[in-house]
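Dear colleague,

My notes on the findings follow directly after them.

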Amino acid sequence: MGAVIAYELSLEAKFDITVIDQNSPAQGSTGAALGVLMAVISHKVKGRNWRLRAQSLARYQTLIPELEAKTGQSIPHNTQGILSLCFDAEALPRWRSLQTIRQDQGHALEIWSPQQAIHRCPHLHNPGLVAGIYSPQDLQINPTALTQALVAAAAANGVKFCFHQPVTQLETSAAEGRCTRVHTTAQTVAADAVVVSAGLGSAALSQALNRPLALGPVLGQGLKLHCDRPLGHPDFQPVINGNDIHLVPLGQGDYWLGATVEFPPNTAEAEVLAMQPEADRLQALIDGAIAYCPALAVATIGDRWFGLRPRPQGQAAPVIQPMAGYNNVWLATGHYRNGVLLAPATALAVRDWLVGNTG
Ligand SMILES: Cc1cc2nc3c(=O)[nH]c(=O)nc-3n(C[C@H](O)[C@H](O)[C@H](O)COP(=O)(O)OP(=O)(O)OC[C@H]3O[C@@H](n4cnc5c(N)ncnc54)[C@H](O)[C@@H]3O)c2cc1C
């Protein structure tokens with residue numbers, strides 16, 4: 001989130017931008033993400049949540065070529081859409097109504113019979129399949145490559161990145177309602193405006209500003225699979241989503257599979273942040289994918305990983321708003337399961353605030 005905000009702000013000549021991160025790029029939740037961008041195929045149809053999704057989808061169309069041209073780095077992404085498998089006949093009317101709404105909004109959503117779905121994706125096999133919902137406009141993007149390209153492009157535009165520097169203190173002027181300086185382990189940065197976009201770390205930073213934001217981790221596990229050859233038709237490799245399990249094609253027979261959704265135990269904060277993945281949850285994920293794509297049973301399992309998604313407690317995700325009590329601090333955090341999708345729209349919202357609120 002920090003990288004995309006810095007990049008959008010770097011396109012405005014008036015800002016002198018410093019990004020501070022205690023780690024290297026894409027080491028937090030972003031580094032664990034699958035980068036599936038569910039906009040048109042989501043059931044959000046109005047209000048803030050749909051607006052952010054639609055804005056992000058539109059900005060991704062220009063952002064990817066813009067970054068690739070500027071940095072010379074390729075950002076692996078899949079434009080062959082997302083196919084969501086429907087196993088519940090009672091859910092079909094809701095999909096049909098979504099299809100009508102999307103049509104009115106200018107987006108395509110196709111509803112395929114089981115035969116059509118299996119004809120286009122012959123690696124799918126499930127006797128319980130009721131329909132395939134195909135969204136040709138939704139994307140998938142490699143979140144780490146995206147972040148690295150954003151950092152490179154923003155740096156080329158003059159943004160200063162300070163990696164491996166935890167923010168240790170936020171100095172404030174209570175009389176003015178401002179955060180005036182950001183202290184790290186290595187330096188002090190004077191600031192006219194501060195954007196808190198530290199994922200789960202935003203909880204401690206907001207606490208330091210006496211405006212605690214409740215954020216909890218929701219653990220997600222993923223893994224990489226290799227098949228001897230691409231599943232289904234090599235020239236049609238959409239992301240498949242069955243029962244909330246994503247099968248993400250990467251090319252050359254490689255796939256990502258994910259992600260589990262593991263809520264923390266109801267225990268002390270330190271234990272919650274030290275959450276560890278549960279092996280049986282990963283096995284259930286693999287079994288669930290094999291149920292709709294039997295060829296995965298003989299795939300070779302490669303890397304496994306997990307990350308902690310930042311989930312707001314007591315309010316809806318994401319948290320994109322001015323921090324109460326301050327007139328120069330903005331929160332852009334708590335994106336939970338959709339931070340990669342919502343990153344561009346978040347950055348545009350922050351840019352609009354800063355353009356309107358700084359001299
Ligand atoms: C397994 C998994 C799969 C996912 N799949 C998807 C998906 O398909 N699509 C999607 O849209 N989203 C997905 N997500 C969610 C997505 O990863 C998050 O919503 C998003 O990455 C959050 O981005 P962020 O920048 O806010 O947080 P992070 O990526 O966690 O970054 C926070 C940064 O803040 C830094 N930081 C924290 N505290 C401090 C401090 N005190 N000082 C300095 N720096 C600090 C950290 O070092 C880190 O770099 C997935 C998440 C997981 C775990």
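The chain falls into three parts, namely domain 1 (1-79 + 139-214 + 313-359), domain 2 (82-136) and domain 3 (217-309); these bounds come from an automatic or database domain assignment. Please note that this is a predicted model, in which local features need pLDDT of at least 70 and side-chain atom pairs count only at pLDDT 80 or more, while totals for chains, interfaces and linings use all residues. Residues are numbered from 1 along each chain as its sequence is written.

Between the C-alpha centres of domain 1 and domain 2 the distance is 33 Å. Six residues of domain 1 touch nine residues of domain 2, where contact requires C-beta atoms, placed from the backbone, to lie within 7 Å. On the domain 1 side, five of these residues are nonpolar, one is polar and none is charged. In this classification Ala, Val, Leu, Ile, Met, Phe, Trp, Tyr, Cys and Pro count as nonpolar, Asp, Glu, Lys and Arg as charged, and the others, Gly among them, as polar.

The ligand is surrounded by 36 residues, of which G28, G199, G201, G220 and G339 are the closest; a residue is included if its C-beta atom, placed from the backbone, lies within 6 Å of the ligand. Domain 1 and domain 3 each contribute at least three residues to this shell. At least two shell residues come from each of helix 2 (29-32), strand 13 (215-226), strand 17 (300-312) and helix 10 (339-357). Helices (H or I, at least four residues) and strands (E, at least two) are DSSP runs, numbered from the N terminus. By class, the shell holds 15 nonpolar, 18 polar and three charged residues.

Helix 6 (residues 143-156) packs against two other helices, as described next. With helix 3 (residues 47-71), the axes come within 9 Å and cross at roughly 60 degrees. Such axes are lines fitted to C-alpha atoms, for helices over the stretch in contact, and the angles run from 0 to 180 degrees between N-to-C directions. This crossing of helix 3 and helix 6 is left-handed, that is, the near helix is turned anticlockwise from the far one by less than a right angle. L67, K70 and T71 of helix 3 meet A149, L150, A152, A153 and A156 of helix 6. That contact comprises six nonpolar residues, one polar and one charged.

Helix 1 (residues 2-10) also approaches helix 6, with axes within 9 Å and a crossing of roughly 35 degrees. The crossing of helix 1 and helix 6 is left-handed. Here A3, V4, A6, Y7 and S10 of helix 1 are in contact with T147, L150, V151, A153 and A154 of helix 6. Eight residues of this contact are nonpolar, two are polar and none is charged.

Several backbone details also deserve mention. The peptide bond between G258 and A259 is cis, with omega about -5 degrees, and A259 sits in the loop between strand 16 (254-258) and helix 8 (269-273). A cis bond also leads from A317 to P318, with omega near -5 degrees; P318 belongs to the loop between strand 17 and strand 18 (319-322). A26 is not a glycine, yet its phi is positive, at about 55 degrees. The loop that holds A26 runs between strand 1 (18-20) and helix 2. Finally, G106, which follows helix 4, has a positive phi near 90 degrees.

Yours sincerely

Notes:
Contact = placed C-beta atoms within 7 Å.
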